[in-house]
Amino acid sequence: MKQFQLQLFKGHPIINDGENRILIDTGAPSTIHSSDSLNFLSKSFGCTTNYMGLTVSKISDMLGTEITTLLGADILSEYIILLDYQNQVVEFSKQEIDIDGTQADISNFMGIPIIKMTVDNQELKFFLDTGAKLSYLSDSLTSNFGSVGTDEDFYPGVGKFQTECFEITTVFGDNEFVVKYGNLPTLLQMTLMLGGTDGIIGFDFFNNFKVVLDLKNNRLKYAK
């Protein structure tokens, strides 16, 4: 088990491990690193330096802060992970991490976790993406709500873009919380459809719950 101090840079979870500055990204199937080998938690992992044209240099430019590593689902699934945004802590373990919370079944697409939540009385499927500062729904699902303004975000393969934003009450289990949703560009909306999902849930989920993720076994435990 190893615990890291969590830095939230504009809603993006980043940890420092030796010389590596690592973005934790459950929304990415593959780890991208500055070299083809990553030493992490006393283990050496082979990884790519270029995923579909994406490098850590390009990601750093879009983020606005330098990273050496985007830690994706391929390596994250090797561990049970505690994400505690309120206390700014991330923990990686090979053993169970016990928190007093509620168990939830999840599924995945290409290793990216999928959870079910209710929005506007509809049960929807969401990619659970630590790398997303904003959450997303299609414009057909946000059309009943008033805009709270625009925000800028970026997405690998698309770059930076502006989106209208909507604050919408969302239900997960017995918990209601407000999520700031944007609308994805058309190309990314098609990616959601490929994964059989209706949206992406990011920062607001992890900012509301302490979460233990076991991606390999499709398990999630959460507590307020």
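**Entry 1: before anything else.** I reminded myself that this is a predicted model.

**Entry 2: the largest pocket.** I got a volume of about 790 Å³ for the largest pocket. H4 has the largest share, with 5 residues. I also sorted the lining by class: 25 residues are nonpolar, 6 are polar and 4 are charged.

**Entry 3: the second largest pocket.** I listed its lining as Ala104, Asp105, Ile106, Ser107, Ile114, Ile115, Lys116, Glu123, Lys125 and Phe172. Strands S11 (102-105), S13 (112-119) and S14 (122-128) each give two or more residues to this lining. The largest share, 3 residues, comes from S13. By class I have 5 nonpolar, 1 polar and 4 charged residues here.

**Entry 4: the sheet with S11 in it.** S11 had turned up in the pocket lining, and I followed it into its sheet. I found 6 strands in an open sheet, ordered S1-S10-S9-S20-S21-S11, with antiparallel pairing. Which strands stand at the edges? I found S1 (2-5) and S11 there; each has a single partner strand, so one side of each is left without a neighbour in the sheet. I noted an average twist of 20° from one strand to the next.

**Entry 5: the partner of S11.** I looked at how S11 is joined to S21 (residues 219-223), and I have 4 bridges between these antiparallel strands. Ala104 stands opposite Leu220 in S21. I had already written Ala104 down as part of the lining of the second largest pocket.

**Entry 6: Ser60.** Last, I picked a single residue. I placed Ser60 in helix H1 (residues 56-63). Is Ser60 buried or exposed? I have it as buried, because its relative accessible area is 10% and the cut-off for buried is under 20%. I left aside its neighbours within four places in sequence and found Ser60 in contact with Thr65, Glu66 and Ile67.

Key:
Residues numbered from 1 in each chain as written. Predicted model: local features only at pLDDT ≥ 70, side-chain atom pairs only at ≥ 80, totals over all residues. Heavy atoms only, no water. 1 Å grid on protein atoms, 1.4 Å probe; cavity = no way out; pocket = protein on both sides within 12 Å on 5 of 7 lines; lining within 4 Å. Points joined across faces, edges and corners; volume = space filled by probe spheres on them. Nonpolar A, V, L, I, M, F, W, Y, C, P; charged D, E, K, R; others polar. Pairing = 2+ DSSP bridges. Axes fitted to C-alpha atoms, helices over the stretch in contact; angles between N-to-C directions. Buried < 20%, exposed > 50% of the residue type's maximum accessible area, 1.4 Å probe, protein only. Contact = heavy atoms within 4.5 Å.
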